[in-house]
Each structure stands twice: as structure tokens, then as C-alpha cells.
Amino acid sequence: MATLNFDFSSVTKFADKLQRLKNVNVKAEATQWLDALGLELLRIVEDEIIRRQVVDSRDLLHSFSKGDQANVWEITDGGLTLKVGTRLEYAKFVNDGHRTIDPSKGNYFYLPSGEMARFVPGVWHGPHFEYIPGAKTGMVLKQQWIDAQPYWTSALMIFEKMFPDLVGAKFKQWLNQYLA
């Protein structure tokens with residue numbers, strides 16, 4: 001699972017102080033703001049997936065949408081913790097690069113040429129392949145390296161550059177709103 005965690009304990013402390021000063025529910029606002037930050041991160045991840053033309057089936061793209069069953073979306077209100085990611089196992093392989101055959105899984109054989117290969121069950125629909133576990137038809141993949149498409153790494157770098165300004169702007173808004 002690919003995830004990103006932020007520690008918002010300083011936001012919680014700040015919210016507690018504001019709440020005591022003005023008797024307002026800043027934590028509720030902070031939770032909404034945290035939700036918006038998570039949505040912004042998901043938007044950036046989706047933009048990077050599209051920009052890099054990473055996906056064909058769109059499963060990966062949709063797994064970074066709030067509410068998708070493959071998405072990880074947790075906000076812990078007490079310490080204001082945001083956890084965003086995907087439950088799709090192959091998301092890490094796409095981001096980091098991978099070999100088409102994992103010898104530790106034992107699902108390979110050798111071609112007459114001596115190359116390592118594996119059978120993937122499924123059906124071809126024109127140029128698109130549909131993986132169907134247990135199908136009698138399919139394709140044979142030779143061992144090769146699939147280059148990384150670092151959509152997640154790139155999205156995190158973009159978000160991390162934006163994050164200080166987002167936090168600063170929100171703190172400034174709260175100071176102006178509650179202490180002015």
C-alpha cells in the first residue's frame with residue numbers, strides 16, 4: 001500500500017489555543033481543511049498518472065479517488081492525522097519499476113531459448129488484454145524490466161513544495177479570523 005502520513009499535532013495545539021481564546025470550534029475547521037488537503041494530494045497524484053500516461057485500465061487512476069474501495073483515506077480527528085494512498089498492490093511496482101517475473105513466486109518456466117517466462121491467463125480484445133484468473137487462453141511474458149513511472153514520487157514532491165505555503169495561508173486566515 002502506498003501511503004503518505006502527515007503529523008498535524010502542531011495544528012491541533014494551535015486549534016486548542018484558538019478555541020480557548022475565542023470559544024470557536026477550530027478543530028472542526030481544521031478537519032475540513034485536512035480533508036481539502038487530502039483531496040488536493042489526490043488531485044496531484046491523478047494529474048501525475050495522466051501526465052505520465054501510466055494507466056490503461058484506469059484502475060490505478062480511480063484508486064486515488066476519495067471513496068473508491070481501493071483508496072486509503074483516513075483522517076484521525078484527535079491528532080488530525082491524514083493518511084492517503086491506494087490498496088492496489090501493483091501501484092508500487094508502477095511507481096518504482098519492476099521485473100515481469102518474480103522468481104520467488106515460482107510461477108515461471110524457461111523457453112527453449114533459455115529465457116525465463118510466465119503464463120498470464122486471460123483474453124485479448126483487439127489490442128487490449130483482459131486478465132482472467134484460471135482462463136485456458138492468455139499470453140506468455142518474457143522476463144524483462146519495466147521502467148518506473150514515478151507518479152507517486154513526483155506528486156509527493158509537488159505536494160511537499162506546496163505544503164508550507166498551504167499551512168502558512170491557513171494559519172494566517174485563522175489568525176485574521178479569530179484574533180483580529
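## Ground rules

Helices here are DSSP runs of H or I with at least four residues, strands are runs of E with at least two, and both are numbered from the N terminus. Lys-92, for one, is found in helix H4.

This is a predicted model, so local features need pLDDT of at least 70 and side-chain atom pairs count only at pLDDT 80 or more, while totals for chains, interfaces and linings use all residues. Residues are numbered from 1 along each chain as its sequence is written, and side-chain values use heavy atoms, with hydrogens and water left out.

## The nonpolar core

Let's start on the inside. A nonpolar core is a set of buried Ala, Val, Leu, Ile, Met, Phe, Trp, Tyr and Cys residues joined through side-chain atoms within 4.5 Å. Buried means under 20% relative accessible area, exposed means over 50%, and partly exposed is in between (1.4 Å probe, protein chains only). The largest such core here has 29 residues, and those with the most contacts inside it are Leu-37, Val-45, Ile-49, Leu-60, Phe-64 and Tyr-151. At least two core residues come from each of helix H2 (26-51), helix H3 (59-63), strand S3 (81-86), helix H4 (90-96) and helix H5 (151-179). As a general point, nonpolar side chains in soluble globular proteins tend to be buried together.

Take a look at Ile-49. Leaving aside residues up to four places away in sequence, Ile-49 touches Val-54, Val-55, Leu-60, Leu-61, Phe-64 and Tyr-151, where a contact means heavy atoms within 4.5 Å.

## Aromatic pairs

Rings of Phe, Tyr and Trp (its six-membered ring) pair if their centres lie within 6.5 Å; planes under 30 degrees apart count as stacked, over 60 as edge-to-face and the rest as tilted. A search of the whole structure turns up 7 aromatic pairs. In one of them, Phe-64 and Tyr-151 have ring centres 5.9 Å apart and planes at 70 degrees, so this pair is edge-to-face. It ties together distant parts of the chain: Phe-64 sits in the loop between H3 and S2, Tyr-151 in helix H5, and they are 87 residues apart. Both Phe-64 and Tyr-151 are buried.

Elsewhere, Trp-33, Phe-171 and Trp-174 make up one aromatic cluster.

## Salt bridges

Count a salt bridge when a side-chain nitrogen of Lys or Arg is within 4 Å of a carboxyl oxygen of Asp or Glu, and you get 7 of them. Asp-35 and Lys-66 form one, at 2.8 Å from N to O. This pair links distant parts of the chain, with Asp-35 in helix H2 and Lys-66 in the loop between H3 and strand S2 (71-76), 31 residues apart. Asp-35 is partly exposed at 22% relative accessible area, and Lys-66 is partly exposed at 43%.

Glu-40 and Arg-43 also pair up, their closest N and O atoms being 2.5 Å apart. They are 3 residues apart in helix H2, so about one helical turn separates them. Glu-40 is partly exposed at 22%, as is Arg-43 at 37%. Together with Asp-47, Glu-40 and Arg-43 are linked in a network of salt bridges.

## Back to Lys-92

Lys-92 has a salt bridge to Asp-96, with the closest N and O atoms 2.6 Å apart. Both lie in helix H4, 4 residues apart, about one turn of the helix. Lys-92 is exposed at 52% relative accessible area, whereas Asp-96 is partly exposed at 37%. Lys-92 and Ala-148 are 56 residues apart in sequence but 9.4 Å apart in space, C-alpha to C-alpha.
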